[in-house]
Amino acid sequence: MLLTSKGVGKSEMGSLTATNPVSSPLHANGLSSRIKCPTFFNQKRRDEGSKRRPGVVAYYGLKKPPYNLDALEPYMSQKTLESHWGVQHRNYLEALNRHLSRSDTLYGHTMDELVKVTYNYGNPLPEFNDAAQVWNHDFFWESMQPGGGESPTLGLLQQIEKDFGSFPNFKEKFIEAAMTLFGSGWVWLVLKRKEKQLAVVKTSNAVTPILWDDIPIICLDLWEHAYYLDYKNDRAEYVNVFMNHLVSWHAATARLARAQAFVNLGEPKIPVA
């Protein structure tokens, strides 16, 4: 959705409108008052030589986590959310919008599309790290919930048991992946399209499994800024707290349900609810 500059809004933290999901089209926000940007228009019209339309600007907006910033306490503090989401995540988004303000060649993509296009078949464009970090962070916030942890149920639990042997086996594999990831990155539970099964994968830096056409189900941020304020350098405690008290199996179940529209998990079809 495109908005004219008159439609600029303010977010609760002062610079970006927190409305549309990360996969939604670009929309206007308060950043436009601080960044001088060219008029945007779509690729097709540019190829056809159409004239630019004056007064139309568009950016990606900052999406708020689906809970209050203090809702994950005591396992993840409000101070961590204010720093991680309110500063680190915001910085990635604002850096991405600055990139986009200098050129209209990437205009019109959903965030998913933008991540894949800027990855450029393994030769990332300057916009990639910021776009992928925005995508990953939004997915991470939605992989947690107040009162999370415990165990999945129904169809998701059945699929985990089918692909990992048991839920404890999956949990052990996920924790091991998190503890053996070198440097900064992410650990994911994904559905692999070709293999038609769940798997645990690790990615470094900003890399995300959608680049390999995997379907993410949950993810854990393993950059140090994700846990240092609460757990210092104790990654093991952070990982275990995530699995036992934070991970949202409700979100994971909904994601698996959507994934089954693209991947046939076999007959009889495993219910997700």
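**A walk through the fold**

The axes of helix 6 (residues 167-180) and helix 8 (residues 235-246) come within 10 Å and cross at roughly 145°. The crossing is right-handed. From helix 6, Phe170, Lys171, Phe174, Ile175, Ala178 and Met179 take part. They meet Arg235, Ala236, Val239, Asn240, Phe242, Met243 and Asn244 of helix 8. By class, this contact holds nine nonpolar, two polar and two charged residues. The model is a predicted one.

Now step back to the whole chain. The protein has nine helices and five strands. From the N terminus, the elements follow the order β-α-β-α-α-α-α-α-β-β-β-α-α-α. Of the 273 residues, 52% are buried. Take the contacts with a separation of 6 or more: 68% of them join residues 24 or more positions apart.

Three strands form an open sheet in the order 4-3-5, with antiparallel pairing. Strand 4 (197-204) and strand 5 (215-221) are the edges. Each has a single partner strand, so one side of each has no neighbour in the sheet. From one strand to the next, the twist averages 20°.

Look at the two pairings in turn. Strand 3 (residues 185-192) is joined to strand 5 by six bridges. In that pairing, Val187 has Leu220 of strand 5 as its bridge partner. Eight bridges link strand 3 with strand 4, again in the antiparallel sense. Here Leu189 has Val200 of strand 4 as its bridge partner. Strand 3 and strand 4 form a hairpin with four residues between the strands, and Lys196 in this hairpin takes a positive phi near 55°.

Helix 4 (residues 128-141) lies across strand 3 and strand 5, at about 90° to strand 5. Helix 9 (residues 249-259) lies across strand 3, strand 4 and strand 5, and runs at about 155° to strand 5.

The largest nonpolar core has 71 residues, and Phe140, Phe170, Tyr238 and Trp249 touch the most other members.

Tyr238 brings us back to helix 8. The buried residues of this helix are Arg235, Tyr238, Val239, Val241, Phe242, Met243 and Leu246. They pack against helix 4, helix 6, strand 5, helix 7 (228-231) and helix 9. Leaving aside residues up to four places away in sequence, Tyr238 touches Met76, Phe140, Leu220, Asp221, Leu222, Ala226, Tyr227 and Tyr231.

Pro74 sits in the loop between strand 2 (56-57) and helix 2 (78-101). The peptide bond from Glu73 to Pro74 is cis, with omega near 5°.

Two loop residues have a positive phi without being glycine. Glu150 is one, with a phi of about 60°. Its loop runs between helix 4 and helix 5 (154-164). Is Glu150 buried or exposed? Its relative accessibility is 63%, so Glu150 counts as exposed. Asn205 is another, with a phi of about 55°. Asn205 lies in the loop between strand 4 and strand 5. Its relative accessible area is 44%, so Asn205 is partly exposed.

Notes:
Residues numbered from 1 in each chain as written. Predicted model: local features only at pLDDT ≥ 70, side-chain atom pairs only at ≥ 80, totals over all residues. Heavy atoms only, no water. Core = buried A, V, L, I, M, F, W, Y, C linked by side-chain atoms within 4.5 Å. Buried < 20%, exposed > 50% of the residue type's maximum accessible area, 1.4 Å probe, protein only. Contact = heavy atoms within 4.5 Å. Axes fitted to C-alpha atoms, helices over the stretch in contact; angles between N-to-C directions. Left-handed = near helix turned anticlockwise from the far one by under 90°. Nonpolar A, V, L, I, M, F, W, Y, C, P; charged D, E, K, R; others polar. Pairing = 2+ DSSP bridges.
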